Amino acid sequence: MGAHGQAWYEVRTFVQQDMMRPQSAMFYINTVDTSSRQLCDLLKFHRDQRGVVTDVLPNVYRWALDSITSIFLNAKIGCLDQNPSKDTMALVNQANVILGPDMFKLITRPPIWKYVEPPYFKYLLTVYTRFSLPVFEIF
């Protein structure tokens, strides 16, 4: 799950050169702006009678996934649609697991998963695999 050591260095070196330049960020500004406007529309849709969105974080995760897929895959997968497809919501839910408390445990605790697979590691690995397969099919 993820890359470490030499594999991480190679990926980081390849991506970092382009992503650290301000010109590169400007290239994607319209894409991120479109996703941001869609997020605002989605938040308006989810307001209660008082005009309050009680839980913004799931929508922010959807925005992040939409922005990332728009930039790196050059595709909109419908994360910010008011009624996303079943497949899109499955991808969103998998991303939430990957970025959630189990991943926090994995990266902040001693790496016992290298020797013994705790239940949260097995679960993360299963979700990561389900999440990765559709992405790899695009390439």
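Mentor: Let's start with S35, which sits in helix 3. Keep in mind that this is a predicted model.

Trainee: Okay. Why is S35 called buried?

Mentor: Buried means under 20% relative accessible area. S35 has a relative accessible area of 0%, so it counts as buried.

Trainee: What does S35 touch, leaving out residues up to four places away in sequence?

Mentor: W63, D66, S67, S70, K76 and L80.

Trainee: Let's look at the helices, then. What makes helix 3 and helix 4 roughly antiparallel?

Mentor: Their axes cross at roughly 155° and come within 9 Å. Angles over 145 degrees count as roughly antiparallel, and therefore helix 3 and helix 4 get that label. The crossing is also right-handed.

Trainee: Which residues make that contact?

Mentor: On the helix 3 side you have T31, V32, S35, S36, Q38, L39, L42 and L43. Helix 4 brings N59, V60, R62, W63, D66, S67, S70 and I71. Sorted by type, the contact residues of helix 3 with helix 4 come out as 7 nonpolar, 7 polar and 2 charged.

Trainee: And helix 4 with helix 5, why is that pair called roughly perpendicular?

Mentor: Helix 4 covers residues 57-72, helix 5 covers residues 86-98, and they pack at an angle of about 105° with their axes 10 Å apart. The range for roughly perpendicular is 65 to 115 degrees, so helix 4 is roughly perpendicular to helix 5. Y61, R62 and L65 of helix 4 meet L91, V92, A95 and N96 of helix 5. That contact divides into 5 nonpolar, 1 polar and 1 charged.

Trainee: What about the loop between helix 4 and helix 5? P84 is placed there. How do you know whether P84 is buried or exposed?

Mentor: Same cut-off: buried is under 20%. P84 has 18% relative accessibility, so it counts as buried. Setting aside neighbours within four places in sequence, P84 is in contact with R62, G78, C79 and M89.

Trainee: N74 is in that loop too. Is N74 buried or exposed, and how do you know?

Mentor: Exposed means over 50%. N74 comes in at 70% relative accessibility, so N74 counts as exposed. Check its backbone as well: phi of N74 is near 55°, a positive value in a residue other than glycine.

Trainee: Next, helix 6, residues 101-108, where D102, M103 and L106 are buried. What puts them on the same side of the helix?

Mentor: The arc they cover. D102, M103 and L106 span only 100° around the axis, so they end up on the same side of helix 6.

Trainee: Which exposed residues are on the face turned away from that buried side?

Mentor: P101 and F104.

Definitions and conventions. Residues numbered from 1 in each chain as written. Predicted model: local features only at pLDDT ≥ 70, side-chain atom pairs only at ≥ 80, totals over all residues. Heavy atoms only, no water. Axes fitted to C-alpha atoms, helices over the stretch in contact; angles between N-to-C directions. Helix = DSSP H or I, 4+ residues; strand = E, 2+ residues; numbered from the N terminus. Parallel < 35°, antiparallel > 145°, perpendicular 65-115°, else oblique. Contact = heavy atoms within 4.5 Å. Nonpolar A, V, L, I, M, F, W, Y, C, P; charged D, E, K, R; others polar. Left-handed = near helix turned anticlockwise from the far one by under 90°. Buried < 20%, exposed > 50% of the residue type's maximum accessible area, 1.4 Å probe, protein only. Arc of directions from axis to C-beta.
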